[in-house]
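Hi,

Here is the structure I said I would pass on.

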Amino acid sequence: VIEEIIDPLGHSEPVWKTVVKPTTSSEGTMNYVCPACDEVFDTKSIPAITLSGNSTAIVDFATNTITGFDAGSTELEDYLSATNNGYVFTCSSDILCTGAVVELTDGETLINSYTIIIFGDIDGNGWYDANDAFIVNMIASGLISADRLSAAQFRAADCNHDGDVDSADF
């Protein structure tokens, strides 16, 4: 009965919520809060995201996307790392490809997730090849509507970054 008064939504356990997302230049923060009343019980720092070695990755924090991976890449660690121990990046796919999701966690709690975009890789296999060119050609010819693509696929198909998928992208 006391639990219902404290948390009428039935959430008896506080949860970690990202308050400020980390960037490549600054740390973020998370609060341990009561879901019903937003009372903050604890706060912790989230590490800034570090680009590894000669990384070509570009993290867009406004859209939660990552571009700049080489076609056919499989090693996320070649591109990204977190600055503090205990934080890890994982990828939803064995290959870094359009539509795969990269998650930053502290080992348990999701901090943020990012969708990978490989320009030209519309079919999500990590390569720009004949299958992808065929899809772009079908869209440019009006045989397939671009709105049939996911947001990640559309962005990957728009190779010249002009906001349209047309013959210039083919």
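Before the strands, a word on terms: two strands pair if DSSP finds at least two bridges between them. Helices (H or I, at least four residues) and strands (E, at least two) are DSSP runs, numbered from the N terminus. With that in hand, strand E2 (residues 28–33) runs antiparallel to E3, and six bridges join them. One of the residues involved is Gly28, whose bridge partner in E3 is Ile46.

Please keep in mind that this is a predicted model, where local features need pLDDT of at least 70, side-chain atom pairs count only at pLDDT 80 or more, and totals for chains, interfaces and linings use all residues. Residues are numbered from 1 along each chain as its sequence is written, and side-chain values use heavy atoms, with hydrogens and water left out.

**The sheet**

E2 and E3 belong to an open sheet of three strands, ordered E1-E2-E3 with antiparallel pairing. Its edge strands are E1 (15–20) and E3 (40–46), each of which pairs on one side only. From one strand to the next the twist averages 30 degrees (axes are lines fitted to C-alpha atoms, for helices over the stretch in contact, and angles run from 0 to 180 degrees between N-to-C directions).

**The whole chain**

In total the protein has three helices and 10 strands. Along the sequence they follow the pattern α-β-β-β-β-β-β-β-β-β-β-α-α. The radius of gyration is 20 Å, whereas a compact globule of 170 residues would come out near 15 Å. (That radius is taken over C-alpha atoms, and the globule rule is 2.2 Å times the number of residues to the power 0.38.) Along the principal axes, the C-alpha atoms fill a box of roughly 65 × 40 × 25 Å.

Of the 170 residues, 34% count as buried; here buried means under 20% relative accessible area, exposed over 50%, and partly exposed in between (1.4 Å probe, protein chains only). For contacts, the rule is heavy atoms within 4.5 Å. Among contacts with a separation of 6 or more, 44% are between residues 24 or more positions apart.

pLDDT is the predictor's confidence in each residue, from 0 to 100. Its mean over the protein is 85, and 91% of the residues reach 70 or more. Over residues 1–7 pLDDT stays under 50, and the model has five contacts for them beyond four places in sequence. Where pLDDT is low, the predicted coordinates should not be read in detail.

**Helix H2**

Which residues of H2 (residues 130–140) are buried? They are Asp132, Ala133, Val136, Met138 and Ile139. H3 is part of what covers them. After H2 comes Gly142, with a positive phi near 85 degrees.

- Ile116 sits in strand E10 (residues 110–116) and is buried, because its relative accessible area is 0%. Beyond its neighbours within four places in sequence, Ile116 has contacts that include Ile66, Phe69, Cys91, Leu96 and Val102. Its C-alpha atom is 19 Å from that of Asp164, 48 residues away along the chain.
- Asn64 is in the loop between strand E5 (58–60) and E6. Its relative accessible area is 18%, so Asn64 counts as buried. Leaving out neighbours within four places in sequence, Asn64 is in contact with Lys21, Asn112, Ser113, Tyr114 and Thr115. Asn64 is not a glycine, yet its phi is positive, about 55 degrees.
- His161 lies in the segment after H3. Is His161 buried or exposed? It is exposed, because its relative accessible area is 52%. Phi of His161 is also positive, near 60 degrees, in a residue other than glycine.
- Thr74 is in the loop between strand E6 (65–67) and strand E7 (80–82). With 43% relative accessibility, Thr74 counts as partly exposed. Not counting residues up to four places away in sequence, Thr74 touches Asp94, Ile95 and Leu96.

Cheers
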